Amino acid sequence: MRLRWSGGVLLSVAAAYYVYTPLPSTVSEPWKLILLDALFRSFIHAGDAAQALGVCHSVHMLNSVVSRLEVIEPWSSPTVSVTDSALGGVPARVFQPVGGGAKLRRGVLYFHGGGWALGSGRMRSYDLLCRRMAEELDTVVVSVDYRLAPDAVFPDQYHDALAASRAFLSPEVLQRYGVNPARVGVSGDSSGGNLAAAVAQRISADDSMSVKFSIQALIYPVLQALDLNTPSYQQNHNVPILHRHLMARFWLIYLGADPSLLPHLLSSPSSLLHPSIPPSIRSHLNWTSLLAAKHQKHYRPVGMETGSREVTGIVPGLVDVRAAPLLAEQGILGRTPRAYVMTCEFDVLRDDGLMYARRLQDAGVTVTSVHYDDGFHGCMVFSFWPFWSSVGQRSLDNYIQWLDHNL
Ligand SMILES: *[C@@H]1O[C@H](CO)[C@@H](O)[C@H](O)[C@H]1NC(C)=O
């Protein structure tokens, strides 16, 4: 009896220890975030265990859990018709408002997040998001299921995003869905924001395309991997749900790099001090000049550690603008459309977004930069029960309102 009791106490303590992560007190609804993080971490640990046992790649395991729990069949409501289709050969879910006769509508191409490795536009959370956009904005929304790592690695995801974009902007497809060519936007969250920013750059610079995106809406986008020591990476390295080492893992998987490079990527000095990176590139992510003082806080570039190895030579994707849109030249940025950049204080990617907003502005682009002081990575999409958060709702409302006024 005594033994069972102490076993129970021990287990509860262990469970509490596993679940509990110290959080900044100003984050929106910390307990929900702690639970979400515990759930996410337990999936990742299960995936790692499966991989260690040789059962399957950890990402495959995670995705099979996600598809079993989260992927839903397309269902149409009286107001939005939903079908699974393809765009430029890439699978996509299409959300079309019902009725309205022959009038042309606005269009949004959406890329889901998940570290280029997880998730799907057919997941409940993304289905709900796109459904709501289609309904409230009376807009055709296409959610793209680009290929995922590790089966596909950079530049496959980028090429899928580009193929879907070119197809969506083609006269035939615009006509098929009744979309106004002057009012088509591209959007995405997290790694989907990375793809949205990258294709926006490419399409804007392509003189052979007559129809281009008129807006880009980037939700806590990931935009570079050269500096994993920006103030937001330093401040939030252990903040759920996107811990710094997890983001570094996603980068290596996406770039098809050897996972054993993880410690090198994490211990590499701030790009600002990286002797091997040319000053022209360094200036594009120089947070000591691009970030406002209130975001730099007391943080300093992390210096050279003894033994830190040169990773840019081994992983060329790190300096490729198609993978890291923040590295683009000003002339390229200046041709991209009006932008919405959403960032969260408790997110390692905060400074990626803030620096991009600043660089777009410097290049002459009209930018709405919206920052949530109580926001955390993923909050806008985790807006369903039980992870509903006030900041998630506010950010979603603001995003939809911005689209309504600007698209
Ligand atoms: C970054 O910006 C600071 C402040 O403007 C400047 O002193 C420094 O030389 C810059 N570093 C690089 C690598 O561009």
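**Reading the surroundings of S190**

Trainee: Which residues is S190 in contact with, once its neighbours within four places in sequence are left aside?

Mentor: In this predicted model, S190 is in contact with G113, I219, Y220, P221, V222, L349 and H377, when residues within four places in sequence are set aside.

Trainee: Is S190 buried or exposed, and where in the chain does S190 sit?

Mentor: A residue counts as buried when its relative accessible area is under 20%, and S190 is therefore buried, with a value of 9%. Its place is in the loop between β5 and α7.

Trainee: What does the UniProt record say about S190?

Mentor: The UniProt annotation "active site", from an unreviewed entry, covers S190, D347 and H377. Although these residues are spread over 188 residues of sequence, they cluster in space, and the largest C-alpha distance is 10.6 Å. From this set, the lining of the largest pocket takes in S190 and H377.

Trainee: How should I read D347, and which residues does D347 touch?

Mentor: D347 is found in the loop between β7 (338–346) and α15 (350–362), and at 1% relative accessibility D347 counts as buried. Residues up to four places away in sequence not being counted, D347 touches Y220, S232, N236, L242 and H377.

Trainee: How do strands form a sheet, and what is the order of the strands here?

Mentor: Strands of a sheet pair through backbone hydrogen bonds, either parallel or antiparallel. Here an open sheet of eight strands has the order β1-β2-β4-β3-β5-β6-β7-β8, and its pairing is mixed. Because β1 (80–87) and β8 (367–376) stand at the edges with a single partner strand each, one side of each is left without a neighbour in the sheet. From one strand to the next, the twist averages 20°.

Trainee: Which strands are joined to β5 by bridges?

Mentor: Strand β3 (residues 105–111) runs parallel to β5 (residues 179–189) and is joined to β5 by six bridges, with L109 standing opposite V186. Five bridges join β5 to β6 (residues 215–219), again in parallel, and D189 stands opposite I219. Between these two strands comes helix α7 (residues 191–204), and β5, α7 and β6 make a right-handed β-α-β unit.

Trainee: Which strands does helix α4 lie across, and which does helix α5 lie across?

Mentor: Helix α4 (residues 124–137) lies across β1, β2, β3, β4 and β5, running at about 160° to β4. Helix α5 (residues 156–168) lies across β1, β2, β3, β4 and β5, running at about 170° to β3.

Notes: Residues are numbered from 1 along each chain as its sequence is written. This is a predicted model: local features need pLDDT of at least 70, side-chain atom pairs count only at pLDDT 80 or more; totals for chains, interfaces and linings use all residues. Side-chain values use heavy atoms; hydrogens and water are left out. Two strands pair if DSSP finds at least two bridges between them. Helices (H or I, at least four residues) and strands (E, at least two) are DSSP runs, numbered from the N terminus. A crossover is right-handed if, with the strands pointing away from the viewer, the path from the first strand over the helix to the second runs clockwise. Axes are lines fitted to C-alpha atoms, for helices over the stretch in contact, and angles run from 0 to 180 degrees between N-to-C directions. Contact means heavy atoms within 4.5 Å. UniProt positions are given in the numbering used here, feature names are shortened, and annotations may be inferred rather than shown by experiment. On a 1 Å grid over the protein atoms alone, a cavity is a set of points where a 1.4 Å probe fits but cannot get out, and a pocket is an open set with protein on both sides within 12 Å along at least five of seven lines; lining residues have an atom within 4 Å of a point. Buried means under 20% relative accessible area, exposed over 50%, partly exposed in between (1.4 Å probe, protein chains only).
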